[in-house]
Amino acid sequence: MGEIKLKIADLVLDHDNPRISHAEGQQEALQKVVNNQKLKLAKLAQSICEHGLNPMDRLLVLRVAGRPVRFIALEGNRRVAVFKILDNPAVMTGLEMTDALRKIFEKLAKQFARKIVEPIAGFEMPSRQASDYWLELRHKGESQGAGIVGWAYMAQRRFRSRPPELQALDLVLEQGNLSAEQKMQISEKFPLSTLQRLVEDRQVRKAIGIEVKKGKLVTKLPASEVLKPLKKMVIDLATKTVKVGDLMKSDQMLAYVSGFEKNSAPDLSKERRAERSVDEIPVSEFGRPARALRSRTPDPTKRKEVVPKNCPIKVTDNRIAEIYTELRKLSLEDHRNAIAVLMRVFLELSIDHFMDQNNISLKITLPSGRDQFKALDTKLAEVIDALVKIGVPKDRFAAVTRSLSVKENPLNVDLLHMYVHNRYATPSPGELTAAWNNAQPLLEHIWS
(Lines give C-alpha, C1' and ligand atoms only; values in the text may rest on other atoms or scores of the structure.)
Protein backbone atom coordinates (compact mmCIF):
# COMPACT_ATOMS: atom_id res chain seq x y z
CA MET A 1 0.00 0.00 0.00
CA GLY A 2 1.12 3.56 -0.60
CA GLU A 3 2.79 5.29 -3.54
CA ILE A 4 2.87 3.29 -6.74
CA LYS A 5 3.97 3.77 -10.36
CA LEU A 6 1.44 2.58 -12.94
CA LYS A 7 1.09 1.90 -16.66
CA ILE A 8 -2.02 2.41 -18.76
CA ALA A 9 -2.38 -1.36 -19.11
CA ASP A 10 -2.54 -1.70 -15.30
CA LEU A 11 -5.65 0.46 -14.97
CA VAL A 12 -9.35 -0.34 -15.14
CA LEU A 13 -12.37 1.89 -14.75
CA ASP A 14 -14.45 1.77 -11.58
CA HIS A 15 -17.80 0.09 -12.31
CA ASP A 16 -19.24 1.98 -9.33
CA ASN A 17 -17.75 5.39 -10.05
CA PRO A 18 -20.10 8.00 -8.45
CA ARG A 19 -20.20 9.93 -11.74
CA ILE A 20 -22.12 7.05 -13.35
CA SER A 21 -24.66 4.41 -12.37
CA HIS A 22 -23.36 0.87 -11.93
CA ALA A 23 -21.72 -0.65 -15.02
CA GLU A 24 -21.51 -4.39 -15.76
CA GLY A 25 -18.19 -4.24 -17.58
CA GLN A 26 -15.35 -2.02 -18.77
CA GLN A 27 -16.98 -1.15 -22.12
CA GLU A 28 -20.21 -0.12 -20.42
CA ALA A 29 -18.27 1.90 -17.83
CA LEU A 30 -16.35 3.68 -20.62
CA GLN A 31 -19.60 4.38 -22.47
CA LYS A 32 -21.16 5.90 -19.35
CA VAL A 33 -18.13 8.11 -18.69
CA VAL A 34 -18.30 9.34 -22.32
CA ASN A 35 -22.04 10.02 -21.98
CA ASN A 36 -21.51 11.85 -18.71
CA GLN A 37 -18.57 14.00 -19.77
CA LYS A 38 -18.96 14.45 -23.56
CA LEU A 39 -16.83 17.41 -24.71
CA LYS A 40 -15.25 17.76 -21.25
CA LEU A 41 -13.53 14.42 -21.84
CA ALA A 42 -12.13 15.69 -25.13
CA LYS A 43 -10.85 18.84 -23.41
CA LEU A 44 -9.08 16.68 -20.84
CA ALA A 45 -7.60 14.54 -23.63
CA GLN A 46 -6.33 17.66 -25.40
CA SER A 47 -4.73 18.94 -22.19
CA ILE A 48 -3.01 15.61 -21.58
CA CYS A 49 -1.68 15.47 -25.16
CA GLU A 50 -0.34 19.01 -25.00
CA HIS A 51 0.89 19.22 -21.40
CA GLY A 52 0.97 15.71 -19.94
CA LEU A 53 -0.60 14.87 -16.57
CA ASN A 54 -1.03 17.45 -13.86
CA PRO A 55 2.01 16.95 -11.57
CA MET A 56 -0.12 18.03 -8.59
CA ASP A 57 -2.52 15.10 -8.99
CA ARG A 58 -2.23 11.34 -8.75
CA LEU A 59 -4.63 8.43 -9.11
CA LEU A 60 -6.16 6.73 -6.10
CA VAL A 61 -6.34 3.02 -6.88
CA LEU A 62 -7.48 -0.32 -5.44
CA ARG A 63 -5.71 -3.57 -6.34
CA VAL A 64 -7.85 -6.24 -8.03
CA ALA A 65 -7.25 -9.82 -6.95
CA GLY A 66 -6.00 -12.16 -9.67
CA ARG A 67 -3.55 -12.24 -12.53
CA PRO A 68 -2.48 -10.13 -14.26
CA VAL A 69 -2.53 -7.50 -11.53
CA ARG A 70 -4.94 -4.67 -12.26
CA PHE A 71 -5.88 -1.52 -10.35
CA ILE A 72 -9.35 0.06 -10.16
CA ALA A 73 -9.24 3.84 -10.42
CA LEU A 74 -11.17 5.03 -7.35
CA GLU A 75 -10.09 8.59 -8.19
CA GLY A 76 -9.14 9.46 -11.77
CA ASN A 77 -11.72 7.66 -13.92
CA ARG A 78 -11.90 10.50 -16.43
CA ARG A 79 -8.14 10.27 -16.95
CA VAL A 80 -8.28 6.48 -17.27
CA ALA A 81 -11.08 6.79 -19.86
CA VAL A 82 -8.90 9.21 -21.84
CA PHE A 83 -5.91 6.84 -21.61
CA LYS A 84 -8.01 3.94 -22.94
CA ILE A 85 -9.30 5.91 -25.93
CA LEU A 86 -6.02 7.62 -26.89
CA ASP A 87 -3.89 4.49 -26.43
CA ASN A 88 -6.28 2.30 -28.41
CA PRO A 89 -8.70 4.33 -30.55
CA ALA A 90 -10.27 1.06 -31.71
CA VAL A 91 -12.26 0.96 -28.47
CA MET A 92 -14.43 3.72 -29.92
CA THR A 93 -15.81 1.24 -32.45
CA GLY A 94 -18.18 -0.11 -29.84
CA LEU A 95 -19.02 3.27 -28.31
CA GLU A 96 -21.92 5.58 -29.08
CA MET A 97 -20.68 9.14 -29.53
CA THR A 98 -21.16 12.01 -31.94
CA ASP A 99 -19.10 12.10 -35.11
CA ALA A 100 -17.56 15.39 -34.00
CA LEU A 101 -16.39 13.95 -30.68
CA ARG A 102 -15.06 10.83 -32.40
CA LYS A 103 -13.03 12.92 -34.85
CA ILE A 104 -11.50 14.94 -32.00
CA PHE A 105 -10.34 11.76 -30.24
CA GLU A 106 -9.03 10.24 -33.49
CA LYS A 107 -6.95 13.34 -34.16
CA LEU A 108 -5.58 13.45 -30.60
CA ALA A 109 -4.80 9.73 -30.65
CA LYS A 110 -2.39 10.27 -33.54
CA GLN A 111 -0.25 12.62 -31.45
CA PHE A 112 -0.54 10.67 -28.19
CA ALA A 113 2.38 8.59 -26.90
CA ARG A 114 2.45 6.60 -23.66
CA LYS A 115 5.68 8.26 -22.59
CA ILE A 116 3.69 11.50 -22.17
CA VAL A 117 1.99 10.03 -19.10
CA GLU A 118 3.87 6.89 -18.02
CA PRO A 119 4.83 6.09 -15.38
CA ILE A 120 1.55 7.29 -13.88
CA ALA A 121 1.72 8.42 -10.25
CA GLY A 122 -0.75 6.59 -8.06
CA PHE A 123 -1.52 5.79 -4.45
CA GLU A 124 -2.81 2.33 -3.55
CA MET A 125 -5.56 2.14 -0.93
CA PRO A 126 -6.25 -0.95 1.23
CA SER A 127 -10.04 -0.77 0.67
CA ARG A 128 -12.84 1.34 -0.76
CA GLN A 129 -13.83 2.44 2.73
CA ALA A 130 -10.33 3.75 3.37
CA SER A 131 -10.65 6.03 0.33
CA ASP A 132 -14.08 7.48 1.18
CA TYR A 133 -12.79 10.38 3.25
CA TRP A 134 -10.32 11.50 0.57
CA LEU A 135 -12.80 11.13 -2.29
CA GLU A 136 -15.39 13.18 -0.43
CA LEU A 137 -12.79 15.81 0.41
CA ARG A 138 -11.77 16.00 -3.25
CA HIS A 139 -15.24 16.31 -4.73
CA LYS A 140 -17.39 18.11 -2.14
CA GLY A 141 -15.86 21.55 -2.39
CA GLU A 142 -13.86 23.49 0.19
CA SER A 143 -15.16 21.59 3.27
CA GLN A 144 -14.39 24.59 5.47
CA GLY A 145 -10.83 24.69 4.09
CA ALA A 146 -9.95 21.00 4.45
CA GLY A 147 -10.69 20.42 0.76
CA ILE A 148 -9.52 22.24 -2.35
CA VAL A 149 -10.13 25.97 -1.92
CA GLY A 150 -10.64 27.62 -5.27
CA TRP A 151 -9.18 31.01 -6.08
CA ALA A 152 -11.54 33.92 -5.63
CA TYR A 153 -11.83 36.51 -8.39
CA MET A 154 -9.10 38.73 -6.98
CA ALA A 155 -6.72 35.79 -6.58
CA GLN A 156 -7.32 34.82 -10.22
CA ARG A 157 -6.54 38.35 -11.33
CA ARG A 158 -3.35 38.40 -9.27
CA PHE A 159 -2.20 35.16 -10.88
CA ARG A 160 -2.96 36.25 -14.44
CA SER A 161 -1.62 39.78 -14.54
CA ARG A 162 -2.01 41.68 -11.22
CA PRO A 163 -3.46 44.81 -12.89
CA PRO A 164 -3.06 48.36 -11.51
CA GLU A 165 -6.27 48.27 -9.46
CA LEU A 166 -5.03 45.16 -7.66
CA GLN A 167 -1.67 46.82 -7.07
CA ALA A 168 -3.59 49.66 -5.39
CA LEU A 169 -5.71 47.25 -3.34
CA ASP A 170 -2.70 45.19 -2.25
CA LEU A 171 -0.87 48.34 -1.18
CA VAL A 172 -3.78 49.30 1.07
CA LEU A 173 -4.13 45.78 2.48
CA GLU A 174 -0.42 45.49 3.25
CA GLN A 175 0.44 49.02 4.37
CA GLY A 176 -2.88 50.64 5.28
CA ASN A 177 -2.92 49.56 8.96
CA LEU A 178 -6.47 48.25 8.52
CA SER A 179 -8.56 46.75 11.28
CA ALA A 180 -9.61 43.11 11.16
CA GLU A 181 -13.19 44.20 10.39
CA GLN A 182 -12.05 46.37 7.47
CA LYS A 183 -10.01 43.51 6.01
CA MET A 184 -13.02 41.19 6.27
CA GLN A 185 -15.21 43.74 4.49
CA ILE A 186 -12.67 44.03 1.68
CA SER A 187 -12.48 40.25 1.24
CA GLU A 188 -16.22 39.82 0.79
CA LYS A 189 -17.43 40.79 -2.71
CA PHE A 190 -15.20 43.84 -3.04
CA PRO A 191 -16.22 45.87 -6.16
CA LEU A 192 -12.87 45.60 -7.92
CA SER A 193 -14.30 46.77 -11.24
CA THR A 194 -15.24 50.13 -9.66
CA LEU A 195 -11.73 50.58 -8.27
CA GLN A 196 -10.50 49.73 -11.77
CA ARG A 197 -12.61 52.53 -13.26
CA LEU A 198 -11.20 55.00 -10.75
CA VAL A 199 -7.60 53.98 -11.41
CA GLU A 200 -8.08 54.01 -15.17
CA ASP A 201 -9.63 57.49 -15.24
CA ARG A 202 -7.03 60.06 -16.31
CA GLN A 203 -8.50 62.96 -14.28
CA VAL A 204 -8.77 60.83 -11.13
CA ARG A 205 -5.14 59.70 -11.47
CA LYS A 206 -4.01 63.31 -11.83
CA ALA A 207 -6.02 64.37 -8.79
CA ILE A 208 -4.54 61.71 -6.50
CA GLY A 209 -1.00 61.73 -7.86
CA ILE A 210 -0.72 58.36 -9.59
CA GLU A 211 -0.15 57.17 -13.14
CA VAL A 212 -0.24 53.85 -14.99
CA LYS A 213 2.72 52.96 -17.20
CA LYS A 214 3.30 49.56 -18.81
CA GLY A 215 0.77 47.98 -16.50
CA LYS A 216 2.42 49.40 -13.36
CA LEU A 217 0.87 51.83 -10.89
CA VAL A 218 3.47 54.58 -10.49
CA THR A 219 3.77 57.79 -8.49
CA LYS A 220 6.12 60.65 -7.61
CA LEU A 221 4.58 61.00 -4.16
CA PRO A 222 6.13 59.73 -0.90
CA ALA A 223 4.61 56.62 0.61
CA SER A 224 2.31 58.32 3.12
CA GLU A 225 0.79 60.65 0.51
CA VAL A 226 0.03 58.06 -2.18
CA LEU A 227 -1.49 55.73 0.41
CA LYS A 228 -4.04 58.25 1.73
CA PRO A 229 -6.40 58.51 -1.28
CA LEU A 230 -6.05 54.84 -2.20
CA LYS A 231 -6.96 53.79 1.34
CA LYS A 232 -9.94 56.14 1.32
CA MET A 233 -11.23 54.73 -1.97
CA VAL A 234 -10.80 51.10 -0.93
CA ILE A 235 -12.54 51.52 2.45
CA ASP A 236 -15.38 53.57 0.96
CA LEU A 237 -16.03 50.87 -1.64
CA ALA A 238 -15.72 48.02 0.85
CA THR A 239 -18.10 49.61 3.35
CA LYS A 240 -20.45 50.93 0.63
CA THR A 241 -19.94 54.46 1.94
CA VAL A 242 -19.91 55.41 -1.72
CA LYS A 243 -22.24 53.56 -4.07
CA VAL A 244 -20.97 51.87 -7.20
CA GLY A 245 -23.75 53.51 -9.22
CA ASP A 246 -22.46 56.96 -8.22
CA LEU A 247 -19.06 56.31 -9.80
CA MET A 248 -20.01 55.33 -13.31
CA LYS A 249 -19.03 58.51 -15.16
CA SER A 250 -15.78 60.46 -15.28
CA ASP A 251 -17.26 63.64 -13.80
CA GLN A 252 -18.78 61.64 -10.91
CA MET A 253 -15.45 60.00 -10.11
CA LEU A 254 -13.58 63.32 -10.27
CA ALA A 255 -16.13 64.97 -7.97
CA TYR A 256 -15.74 62.08 -5.54
CA VAL A 257 -11.93 62.25 -5.20
CA SER A 258 -11.95 66.07 -5.28
CA GLY A 259 -14.14 66.00 -2.17
CA PHE A 260 -11.65 64.10 -0.05
CA GLU A 261 -10.87 65.75 3.27
CA LYS A 262 -7.30 66.72 4.18
CA ASN A 263 -6.49 63.44 5.92
CA SER A 264 -7.46 61.51 2.76
CA ALA A 265 -6.27 63.89 0.03
CA PRO A 266 -2.63 63.73 -1.08
CA ASP A 267 -0.37 66.74 -0.82
CA LEU A 268 0.67 67.02 -4.46
CA SER A 269 3.26 69.68 -3.58
CA LYS A 270 5.37 66.86 -2.12
CA GLU A 271 5.86 65.21 -5.51
CA ARG A 272 9.45 64.28 -6.29
CA ARG A 273 11.24 64.27 -9.62
CA ALA A 274 11.80 60.54 -9.71
CA GLU A 275 8.86 58.31 -10.54
CA ARG A 276 8.55 54.77 -9.15
CA SER A 277 6.00 51.99 -9.01
CA VAL A 278 4.09 51.54 -5.76
CA ASP A 279 5.60 48.05 -5.52
CA GLU A 280 9.06 49.62 -5.35
CA ILE A 281 8.29 51.77 -2.31
CA PRO A 282 10.28 50.37 0.66
CA VAL A 283 8.17 49.10 3.54
CA SER A 284 10.24 51.22 5.91
CA GLU A 285 9.03 54.38 4.17
CA PHE A 286 5.47 53.77 5.33
CA GLY A 287 6.63 53.89 8.95
CA ARG A 288 5.21 51.94 11.83
CA PRO A 289 1.71 52.67 13.12
CA ALA A 290 1.69 54.50 16.43
CA ARG A 291 1.52 52.12 19.36
CA ALA A 292 -1.81 52.40 21.12
CA LEU A 293 -1.73 53.62 24.72
CA ARG A 294 -2.56 50.96 27.27
CA SER A 295 -6.05 51.19 28.57
CA ARG A 296 -7.61 49.71 31.63
CA THR A 297 -10.68 48.88 29.55
CA PRO A 298 -10.44 45.23 28.42
CA ASP A 299 -9.95 44.69 24.70
CA PRO A 300 -13.21 43.04 23.52
CA THR A 301 -11.31 41.11 20.84
CA LYS A 302 -9.18 39.39 23.54
CA ARG A 303 -12.04 37.99 25.61
CA LYS A 304 -11.92 34.50 27.09
CA GLU A 305 -15.66 33.81 26.65
CA VAL A 306 -17.71 34.17 23.49
CA VAL A 307 -20.09 36.71 25.08
CA PRO A 308 -18.32 39.98 26.02
CA LYS A 309 -18.53 41.02 29.67
CA ASN A 310 -20.40 44.25 28.85
CA CYS A 311 -23.02 42.61 26.62
CA PRO A 312 -26.35 44.35 27.43
CA ILE A 313 -28.65 41.45 26.48
CA LYS A 314 -31.22 40.58 29.16
CA VAL A 315 -32.99 37.29 28.38
CA THR A 316 -36.46 36.99 29.92
CA ASP A 317 -37.39 33.40 28.98
CA ASN A 318 -36.27 30.95 31.67
CA ARG A 319 -34.98 28.11 29.47
CA ILE A 320 -33.26 30.43 27.00
CA ALA A 321 -31.78 32.42 29.90
CA GLU A 322 -30.17 29.23 31.23
CA ILE A 323 -28.51 28.60 27.86
CA TYR A 324 -27.34 32.22 27.72
CA THR A 325 -25.83 31.92 31.20
CA GLU A 326 -23.88 28.83 30.17
CA LEU A 327 -22.63 30.59 27.04
CA ARG A 328 -21.31 33.45 29.18
CA LYS A 329 -19.32 31.07 31.40
CA LEU A 330 -17.73 28.60 28.96
CA SER A 331 -14.09 29.10 28.03
CA LEU A 332 -13.45 29.67 24.32
CA GLU A 333 -10.16 27.83 24.55
CA ASP A 334 -11.54 24.76 26.33
CA HIS A 335 -15.14 24.44 25.11
CA ARG A 336 -15.23 25.46 21.44
CA ASN A 337 -17.59 22.70 20.32
CA ALA A 338 -20.01 23.19 23.22
CA ILE A 339 -20.10 26.94 22.54
CA ALA A 340 -20.74 26.39 18.81
CA VAL A 341 -23.71 24.12 19.51
CA LEU A 342 -25.13 26.31 22.29
CA MET A 343 -24.76 29.47 20.21
CA ARG A 344 -26.64 27.84 17.33
CA VAL A 345 -29.42 26.78 19.76
CA PHE A 346 -29.50 30.19 21.53
CA LEU A 347 -29.82 32.03 18.21
CA GLU A 348 -32.72 29.92 16.96
CA LEU A 349 -34.61 29.87 20.27
CA SER A 350 -34.23 33.66 20.52
CA ILE A 351 -35.62 34.04 17.01
CA ASP A 352 -38.51 31.67 17.79
CA HIS A 353 -39.28 33.64 20.97
CA PHE A 354 -39.43 36.91 19.02
CA MET A 355 -41.68 35.40 16.35
CA ASP A 356 -44.06 34.03 18.99
CA GLN A 357 -44.18 37.38 20.78
CA ASN A 358 -44.94 39.20 17.51
CA ASN A 359 -47.44 36.73 16.05
CA ILE A 360 -45.16 35.61 13.22
CA SER A 361 -45.83 32.00 12.26
CA LEU A 362 -43.04 29.49 12.77
CA LYS A 363 -44.54 27.26 10.09
CA ILE A 364 -45.20 27.42 6.39
CA THR A 365 -47.96 25.62 4.51
CA LEU A 366 -46.69 23.55 1.59
CA PRO A 367 -48.62 23.19 -1.71
CA SER A 368 -49.67 19.72 -0.47
CA GLY A 369 -51.46 21.39 2.45
CA ARG A 370 -49.02 20.03 5.02
CA ASP A 371 -47.46 22.41 7.55
CA GLN A 372 -43.68 22.50 7.90
CA PHE A 373 -41.43 24.42 10.28
CA LYS A 374 -39.50 27.23 8.59
CA ALA A 375 -35.75 26.93 8.09
CA LEU A 376 -33.51 29.01 10.34
CA ASP A 377 -32.31 31.30 7.53
CA THR A 378 -35.94 31.99 6.56
CA LYS A 379 -36.86 32.87 10.15
CA LEU A 380 -33.75 35.02 10.49
CA ALA A 381 -34.68 37.05 7.41
CA GLU A 382 -38.29 37.47 8.61
CA VAL A 383 -37.20 38.72 12.05
CA ILE A 384 -34.87 41.28 10.46
CA ASP A 385 -37.71 42.48 8.18
CA ALA A 386 -40.04 42.79 11.19
CA LEU A 387 -37.51 44.87 13.15
CA VAL A 388 -36.82 47.14 10.18
CA LYS A 389 -40.57 47.73 9.75
CA ILE A 390 -40.84 49.02 13.32
CA GLY A 391 -38.04 51.52 12.73
CA VAL A 392 -34.76 49.80 13.53
CA PRO A 393 -32.13 50.98 10.98
CA LYS A 394 -31.44 48.25 8.45
CA ASP A 395 -27.67 48.79 8.60
CA ARG A 396 -27.69 47.54 12.21
CA PHE A 397 -28.16 44.07 10.74
CA ALA A 398 -25.71 44.34 7.85
CA ALA A 399 -23.44 41.61 9.19
CA VAL A 400 -26.35 39.24 9.85
CA THR A 401 -27.86 39.90 6.42
CA ARG A 402 -24.49 39.29 4.77
CA SER A 403 -24.21 35.97 6.59
CA LEU A 404 -27.26 34.65 4.72
CA SER A 405 -25.52 34.82 1.34
CA VAL A 406 -21.78 34.68 2.10
CA LYS A 407 -20.75 31.11 2.89
CA GLU A 408 -17.45 32.20 4.42
CA ASN A 409 -19.20 34.47 6.95
CA PRO A 410 -18.72 33.08 10.50
CA LEU A 411 -22.46 33.48 11.16
CA ASN A 412 -23.55 31.67 7.97
CA VAL A 413 -26.46 29.37 8.86
CA ASP A 414 -25.04 26.40 6.95
CA LEU A 415 -21.80 26.77 8.89
CA LEU A 416 -23.68 26.80 12.21
CA HIS A 417 -25.53 23.64 11.12
CA MET A 418 -22.20 21.99 10.27
CA TYR A 419 -20.88 22.64 13.77
CA VAL A 420 -23.75 20.47 15.03
CA HIS A 421 -23.96 17.77 12.35
CA ASN A 422 -20.58 17.54 10.58
CA ARG A 423 -17.86 15.66 12.45
CA TYR A 424 -15.15 17.38 10.36
CA ALA A 425 -16.27 20.97 11.09
CA THR A 426 -14.30 22.31 14.04
CA PRO A 427 -14.84 25.98 15.03
CA SER A 428 -11.97 28.19 16.11
CA PRO A 429 -12.24 30.74 18.96
CA GLY A 430 -11.85 33.52 16.40
CA GLU A 431 -14.71 32.23 14.25
CA LEU A 432 -16.98 31.91 17.27
CA THR A 433 -16.29 35.44 18.56
CA ALA A 434 -16.78 36.85 15.04
CA ALA A 435 -20.09 34.99 14.76
CA TRP A 436 -21.28 36.38 18.12
CA ASN A 437 -20.16 39.92 17.21
CA ASN A 438 -22.20 39.72 14.00
CA ALA A 439 -25.27 38.35 15.80
CA GLN A 440 -25.22 40.59 18.89
CA PRO A 441 -26.97 43.65 17.35
CA LEU A 442 -29.88 41.43 16.33
CA LEU A 443 -30.00 39.67 19.69
CA GLU A 444 -30.00 43.01 21.52
CA HIS A 445 -33.14 44.09 19.65
CA ILE A 446 -34.83 40.70 20.08
CA TRP A 447 -34.38 40.92 23.86
CA SER A 448 -34.91 44.66 24.25
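Is Glu3 buried or exposed? Glu3 is exposed, at 69% relative accessibility. The model is a predicted one.

## The five-strand sheet

Five strands make an open sheet. Their order is E1-E5-E3-E4-E2, and the pairing is mixed. Strand E1 (2-6) and strand E2 (11-12) are the edges. Each has a single partner strand, so one side of each has no neighbour in the sheet.

E2 runs parallel to strand E4 (residues 70-75), and two bridges join them. Val12 sits opposite Ile72 in E4.

## Helices across the sheet

Helix H3 (residues 77-87) lies across E2, strand E3 (59-64), E4 and strand E5 (120-125). H3 runs at about 135° to E4. H5 lies across E3, E4 and E5, at about 40° to E4.

Helix H5 spans residues 128-139 and holds Trp134. Trp134 counts as partly exposed because its relative accessibility is 47%, between the 20% and 50% cut-offs. Together with Tyr133 and Tyr424, Trp134 forms a nonpolar patch on the surface. The three residues share about 320 Å² of accessible area.

## Salt bridges

Side chains of opposite charge can pair when their charged atoms come close. The model has 24 salt bridges. One of them joins Arg58 to Glu3, with the closest N and O atoms 3.6 Å apart. This pair links distant parts of the chain, 55 residues apart. Arg58 is in the loop between helix H2 (39-51) and E3, while Glu3 is in strand E1. Arg58 is partly exposed, with a relative accessible area of 40%.

Arg162 forms a salt bridge with Asp279, and their closest N and O atoms are 2.7 Å apart. Here too the pair links distant parts of the chain, 117 residues apart. Arg162 lies in the loop between helix H6 (153-160) and helix H7 (164-175). Asp279 lies in the loop between strand E8 (276-277) and helix H13 (283-286). Arg162 is partly exposed at 23%, and Asp279 is partly exposed at 38%.

## Around helix H10

Helix H10 covers residues 202-208 and includes Arg202. Arg202 is exposed, with a relative accessible area of 60%. Arg202 and Ser250 are 48 residues apart in sequence. In space, their C-alpha atoms are 8.8 Å apart.

Arg205 forms a salt bridge with Glu211, the closest N and O atoms being 2.8 Å apart. Arg205 counts as buried because its relative accessibility is 12%, under the 20% cut-off. Glu211 is partly exposed, at 25%.

Definitions and conventions
Residues are numbered from 1 along each chain as its sequence is written. This is a predicted model: local features need pLDDT of at least 70, side-chain atom pairs count only at pLDDT 80 or more; totals for chains, interfaces and linings use all residues. Side-chain values use heavy atoms; hydrogens and water are left out. Patches are made of residues with over 30% relative accessible area and no salt bridge: like charges are joined within 9 Å, nonpolar side chains (Val, Leu, Ile, Met, Phe, Trp, Tyr) within 5 Å. Accessible areas come from the Shrake-Rupley method with a 1.4 Å probe; for residues, only the protein chains shown count as cover. A salt bridge is a side-chain nitrogen of Lys or Arg within 4 Å of a carboxyl oxygen of Asp or Glu. Helices (H or I, at least four residues) and strands (E, at least two) are DSSP runs, numbered from the N terminus. Buried means under 20% relative accessible area, exposed over 50%, partly exposed in between (1.4 Å probe, protein chains only). Two strands pair if DSSP finds at least two bridges between them. Contact means heavy atoms within 4.5 Å. Axes are lines fitted to C-alpha atoms, for helices over the stretch in contact, and angles run from 0 to 180 degrees between N-to-C directions.
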